[in-house]
Each structure stands twice: as structure tokens, then as C-alpha cells.
Amino acid sequence: MPKKSRTRTVKRRSGDATQPSPKKTNRAEAPLSFHSPSHLFESLIQPMGVEQFFREYWEKKPLHLQRFDCSMASYYQSLFQLSDLPNLCSQALRFYRDINIVCCSNGQKKVLNKEGKVKSSVLNKYLVQNKATIQVHQPQRFKDELWRIQEKLECFFGALVGSNVYITPQESQGLPVHYDDVEVFILQLEGQKQWHLYSPTVPLAAEYSVEAVDRLGSPTHDLLLKAGDLLYFPRGTIHQASTPAGVNHSTHLTLSTYQRMSWGDLLLDAFPGFLYDRSRTDISLREGIPRRLLLGDSDGFNTSRWLATMLRCLAHEVEAGKLEVHSTHLKRDFIMNRLPPYSLQPLAPSKRIPSLEDTVYLRFKDHTVVTVERSQERTDEATKQAVFVLHSLKNQRVNHMMGEVGDEESDIPTVSRHGLKFPLSHLQALRQLQKEDQLRVDQLKLPTQEVKLNLVLALWSESLLEVV
């Protein structure tokens, strides 16, 4: 299922990284509402209500929404169809990076990829002669309407949203029985697909795994998805799918989200920050551990009791609001890897430069996070904390969910690519801007007029702030 790719990292030419703008096409009129992220999700799962969905189905059980509206089926088909492949192949798609050819043989996944660029004639041959499945990785990199949908969904969930397209010929199955570590939304775009779902052996699984067929038992759900239908199931749900006889081919889109977004992941991210903050004021955390503890010989010292006492103290401090939860790495991973805003024009600072007398507001709030972190600057002075304003406006759509493509070779500092760095004294003013719909520059809680103006000018230069 879709996730940030850890397969072969392919270095792109500098020209390949240019942000493509959406092309105006004669697409089917969207039955989805793009007025806001919440409106989009509401229209995606209609007629199911959002509150009912999260109360009864999210992370709990599957949901099959049958659609008898021709407009929804027509719109789904416009998102991706078999006939799109020749045009996509002309865009220099490559095996492994962009396309996989897979089939299920004796309960095992078999990859039939060639090397190099993908040719549509080769795909058609595998589809017809080998009854293999064509798997398109992260098609939102090429299909504008999927960019539009997934960007809004990332704002709605506050988490990365990936996608794959699967094209499977009749009487064929592309993947073995398995479960995923993501929440899954299936949109049936063309044809029909038969789905068998089974009770999880690992509810809300944190990793992908293939399941042995002899352990399955009877399916809890036996569903036939038709064009326009939607299927949701939680991570950990065991499943397999095949195209039935008499159906030329099936095309479905998998939207996936909430990978590594559990409370456990938040604790793993926040806990080092708790300890760092507390150790600055609590000398007991800076005292050395007993001699030979690492060798398993602590001379009768009760390590478990000491750790339990300290954890209770930390819990009390957090509950009392004395220690803040800084989910730094989760925030950075989300902002640095998510889609940029869907825009028909390149993003640029507004024409009017802000002044002290102006009323301003933050743009793209759903694409921006503020973090408090230890400064990474190399200095002989004691480590200082700083405020980072991170945003996704400069993210490259072509790299979405493809891992750290090119980042490891870049000589541009991370902060300059993804945002700004300010002194800790700017935190309150930044939170003012986050909270208020509009705010006069001279009302910012900063010591001098010059500092206030410098803050808004820095945000304006990153296209994050606009004058009312």
C-alpha cells in the first residue's frame, strides 16, 4: 500500500525538479467540494456523515459505500484510467520508481519489472498476456486532480496522504493476502473488483505483513466494488482483491494515510524533549548512573523503581502544563514531505509590502507549523533553543512520498528550503499570528517596532503573510 518509497532512489536532473503547474483540462465536473479540507472529506464519504464515520468506523471496522450516481462514477474514471498510460509513459516513467508490474503466484508477490524507462506497449503485453497488475506509484505527481484531492486531505488529516493506482485484468490478483500500516480508502475507478476482508491478527498494525492463507479463516466481508464505490478499512485489516471473470479490467485508486501517526509515535518523538527540558532544572537527572550498570551489575540498585519515580514526576509536570509537548520530528517529517498547495499559478509574495500600520494575516496556515527546537548551529556556547517556522510552499510535487529524493545531495540548508528561524523571544508573536484571523503589526508582542517589522517582512518574503 502507498507509503513513502524506500526503494531505489533515482537522482533527477535539475530540470526534472521544476514545479509543474496544473493544466486546464476538460475534466468531469467534480462532485467533490473543495471549499475546505473538511468539505472535501465530507463529500468524499457522502452520504455517510463525518461524525458518524469517526465514531463508528475510523480505526474500528470497514465501510463500503455503494454509489448509484453516474456523475460520481464518471468523475472517478477521470482521475485515472487505463487509456492514460500511453501519455504517462511519454513522460519518461521508470520501472521501480514509478511503475511496478506484479502478480500473485502461489500466495507470493512476484515482480516482473524490466530496467529503465517504461513503454506502454510493454505494459499492455504484461496486462494481456501475463494477466499481471500494473501498479502506478504516487500518481498525484502527474495527475493534477489527484494533487488537488490529496493536498486537501493532507490538510484535513494533518498527515501525509499517499496513493497508488492498480490496474488488474480479469480473473487475476496482483498482490498476496496482506495487511498494511496505513488507513486505506479505495476508490473504484473502472470496472469491478472483488474484495475479501478478514479479522486483523494485529489490530492497528504498525508495519506491513503478508499473511499465510491457511491462517485466514472465513472473510468478515465479501464485497464487489463497482465504478464510483468507495471502501475504507483500518490499518491491520487483512485483505485480498481480484478482478472477477467477465470484467475486462479493474482500475482502483488507493488513498492511504496515518502511517506512524499513533500515540506511541508521538511519545517517541516528544519524550526526548521532555527529558531535555527537565534535566536543565533537575540535578537528579544529571547525576551519573551507578557504576557497572551497563554491565548488568548495579550493586543492588533498584533501577526500575528509580525510573518509575522519575516517569511519574514527568507525567505530573506535563499534566500541570509545566512541560510542553514538542513533536518536532513528526512535524518536520510532515511539512517537509507533504504536497505543496494546489495552485494554478506559481506562489509568490503579495505585491504590497507590510508596514507597522498595516493589518496582516497568515496565509497557508494548514501548510505551516511552528516548532521549538535546539539550535543546530555549531558553537562553543551552551545549546540554545530557537523557534522554527516550517512550511511546504517550496516542496516539489514530483518528489511527494518518494523519500528524500535529492535532499541528501543538496547544499541548501534545511531551514532555508522549508522555512525560517527566529529567536525564542518571537514565539508569542508567532502564536498571535497563528491564532488571529487578522492582526495589526504594531500589536505583535515583541519589544521594539523594528523587531515587529522584521518578523512580518521575513514571513512576507516566504509568501506566508499578506496585508489586508
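Over the ring of which residue does the charged end of Arg332 sit? That ring belongs to Phe388, with the charged end of Arg332 placed 5.2 Å from its centre. A charge sits over a ring here if NZ of Lys or CZ of Arg is within 6 Å of the ring centre and within 35 degrees of the ring normal. Arg374 makes a contact of this kind too, lying over the face of Tyr276 at 4.1 Å from the ring centre.

A word on the ground rules: this is a predicted model, in which local features need pLDDT of at least 70 and side-chain atom pairs pLDDT 80 or more, while totals for chains, interfaces and linings use all residues. Numbering runs from 1 along each chain as its sequence is written, and side-chain values use heavy atoms, leaving out hydrogens and water.

Now for the rings. Those of Phe, Tyr and Trp (its six-membered ring) pair if their centres lie within 6.5 Å, with planes under 30 degrees apart called stacked, over 60 edge-to-face and the rest tilted. The count comes to 21 aromatic pairs. Phe157 and Tyr258 are edge-to-face, because their ring centres lie 6.2 Å apart and their planes stand at 70°. Since Phe157 is in helix H6 (residues 144–157) and Tyr258 in the loop between strand S13 (249–257) and helix H7 (263–279), the pair ties together parts 101 residues apart in sequence. Helices (H or I, at least four residues) and strands (E, at least two) are DSSP runs, numbered from the N terminus. Both residues belong to a cluster linked by ring pairs, whose members include Phe156, Trp58 and Tyr232.

Phe157 is buried, at 11% relative accessibility (under 20% relative accessible area is buried, over 50% exposed, in between partly exposed; 1.4 Å probe, protein chains only). H6 is largely enclosed by the rest of the structure, because 13 of its 14 residues are buried. Just after H6, Gly158 adopts a positive phi of about 65°.
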